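Trainee: Could we go through this structure together? I would like to begin with the rings and then turn to the core.

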Amino acid sequence: MLDGKQEAELIAMRLGPPPKGYAHWTLRLLARKVVELEIVEKISYETVRRTLKKTGCPVARYSIG
């Protein structure tokens, strides 16, 4: 589970442009980036999906990317 600040950072990331070299955000890419940026220690892409769905944020593409 994410706290409010972590959710806000995830959503802001999702609504922003994807990293250079990527056409769009994927759930796995978002999960990898929030760990890389030390927003959370670890997270699954499924937790990312549930968080985005719960908050009404457009869910990232489901490709494996």
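**Rings, core and loops**

Mentor: A search of the whole structure, which is a predicted model, finds zero aromatic pairs.

Trainee: What sits over the ring of Y45, then?

Mentor: The charged end of R28 does, at 4.0 Å from the centre of that ring.

Trainee: On to confidence. What is the mean pLDDT of the protein chain?

Mentor: The mean is 89, and 91% of the residues reach 70 or more.

Trainee: And in which helix is confidence highest, and in which lowest?

Mentor: Confidence is highest in helix 2, at 96, and lowest in helix 3, at a mean of 91.

Trainee: Which residues of helix 2 are buried?

Mentor: Helix 2 spans residues 27-36, and its buried residues are L27, L29, L30, A31, K33 and V34.

Trainee: What covers them?

Mentor: The cover over the buried residues of helix 2 includes helix 1 (4-15) and helix 3 (45-55).

Trainee: How many residues does the largest nonpolar core have, and which have the most contacts inside it?

Mentor: This core has 15 residues, and those with the most contacts inside it are L10, L30, V34, I43, V48 and L52. At least two of its residues come from each of helix 1, helix 2 and helix 3. Helix 2 supplies the largest share, with five residues.

Trainee: Take V48. Which residues is V48 in contact with, leaving aside neighbours within four places in sequence?

Mentor: On that basis V48 is in contact with L10, L27, L30, A31 and I43.

Trainee: Now the loops. Where is T26?

Mentor: T26 lies in the loop between helix 1 and helix 2.

Trainee: Does that residue count as buried or exposed, and why?

Mentor: T26 counts as buried because its relative accessibility is 4%, and the cut-off for buried is under 20%.

Trainee: What does its side chain reach?

Mentor: The side chain of T26 reaches the backbone nitrogen of L29, at 3.0 Å.

Trainee: And the other loop: what is the phi of E38?

Mentor: E38 is found in the loop between helix 2 and helix 3, just after helix 2. Its phi is near 60°, a positive value in a residue other than glycine.

Trainee: Is E38 buried or exposed?

Mentor: E38 is exposed, with a relative accessible area of 70%. T26, by contrast, counts as buried.

How values were computed. Residues are numbered from 1 along each chain as its sequence is written. This is a predicted model: local features need pLDDT of at least 70, side-chain atom pairs count only at pLDDT 80 or more; totals for chains, interfaces and linings use all residues. Side-chain values use heavy atoms; hydrogens and water are left out. Rings of Phe, Tyr and Trp (its six-membered ring) pair if their centres lie within 6.5 Å; planes under 30 degrees apart count as stacked, over 60 as edge-to-face and the rest as tilted. A charge sits over a ring if NZ of Lys or CZ of Arg is within 6 Å of the ring centre and within 35 degrees of the ring normal. Buried means under 20% relative accessible area, exposed over 50%, partly exposed in between (1.4 Å probe, protein chains only). Helices (H or I, at least four residues) and strands (E, at least two) are DSSP runs, numbered from the N terminus. Contact means heavy atoms within 4.5 Å. A polar contact is a pair of N or O atoms within 3.5 Å; within protein, one must be able to donate a hydrogen and the other to accept it, and residues adjacent in sequence count only if both atoms are side-chain atoms. A nonpolar core is a set of buried Ala, Val, Leu, Ile, Met, Phe, Trp, Tyr and Cys residues joined through side-chain atoms within 4.5 Å. pLDDT is the predictor's confidence in each residue, from 0 to 100.
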